[in-house]
Amino acid sequence: VRVGWFGLVGWLIRWGEKKKERGEEEEAGARRGGAGRADRRAGRRAGGQAGYVGGQVGGLGEGEGGRGGAGRGRAALDGALAHRALVRCGLQRLVLVLQLLLALPRATGAGAGPPRAAEEPSWDFGAGLDGWGRATWEELGAVLEVAGDELRGVALGTRAPRVHSPALGLELDGPWAIVARLKHGLATGVTPAVTVRLGSGASLQVSARAAVPSNSFDLAVFPLFELRNDTLEAFDLFPLGGAATVADPRALARVAFAVDWVRILRRPVLTGASGCQDDLDASTGETFTVNCPLDGGARRIKLTGVGLRQARLYVGNRLCRDPQPVAGELGAVTCALPIGSTGPARLSAARRDVP
């Protein structure tokens, strides 16, 4: 494509040069016509018939004859000026085209390659609230501030403290999860929660998979795996427990909490395996493999799915070693089977950046 564009640019340059030469020739003709008109005026001033006729002849010979020659000369001069303006305008457009062509590879080069999955929203609060907590303290049940790249709050004791997320509009087209790194000042561990608001109009509270211990940062994972074919419009984060689980909000008065970061992540999904004794599940259309030797040898299996290139792959509870992407196959990786005992083993995948 680049060669074709530069060939077109070369043609435009040659076209402009020819137009310029033609304009110069017509301008020279106009000057000759002007010289003929000067001869005619000189003949009139002389007053002699011969001089006048001579001026006419000179005007015919040099300026293509009388008033018609003068008119054509003026037209040629106007045409030359118009061509010159056209060439100048063409050169300006040519410079603009060159600038666009030079910028085009930079703009499109980064986007080359296989299609990407949906973007994973994330917030680290390095630039302030970043759209979080847009409500009054009474509505949030807490006083909020950002300090040390953390979203910090103190519960007012009027209701379970919460922090509103920005508007999202995230398509839940796969197994997603909300993950937050946070801590709290309660004496015992607490299970945080989120209340998600969906495009369908539904609102649902989801608790973290595990409690967060006291006074130390830990990950709170809120699985959204069952929410499919809907849109996550926004959610509220309850760092000290969901509204339905907080029996007495007054007990939370002056309890501090902090959020280091929040992310919405896509969980990797396995859709098939091959490499040993392969078969096909007729009900799902997915491939599976059996009778794999777990002897730590050189046998590798091939796994297909979504998000596997950045995932930890397991055979049972053991890591499948040395994962490598398959060239030319989006979503496919191979890995070396680990040492294990005989019997059925479940294949699974997990993200590297969260448990």
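Is Lys-302 buried, partly exposed or exposed, and at what relative accessibility? Lys-302 counts as partly exposed, at 26% (buried is under 20% relative accessible area, exposed over 50%, partly exposed in between, with a 1.4 Å probe and protein chains only).

1. Some ground rules. This is a predicted model, where local features need pLDDT of at least 70, side-chain atom pairs count only at pLDDT 80 or more, and totals for chains, interfaces and linings use all residues. Residues are numbered from 1 along each chain as its sequence is written, and side-chain values use heavy atoms, leaving out hydrogens and water.

2. Lys-302 has a partner: its side chain meets that of Glu-329 in a salt bridge, 2.6 Å from N to O (a side-chain nitrogen of Lys or Arg within 4 Å of a carboxyl oxygen of Asp or Glu). The pair links distant parts of the chain, with Lys-302 in strand S15 and Glu-329 in the loop between strands S18 and S19 (strands are DSSP runs of E, at least two residues, and helices runs of H or I, at least four, numbered from the N terminus). Glu-329 is partly exposed too, at 32%.

3. The structure holds 8 salt bridges. Another one joins Glu-120 and Arg-351 at 2.9 Å, N to O. Glu-120 sits in the loop between helix H3 and strand S1 and Arg-351 in strand S20, so this pair ties together parts 231 residues apart in sequence. Arg-351 is buried at 17%, while Glu-120 is partly exposed at 32%.

4. Strand S20 also holds Ser-348, which is buried at 17%. Beyond its neighbours within four places in sequence, Ser-348 has contacts including Leu-270 and Tyr-314 (heavy atoms within 4.5 Å).
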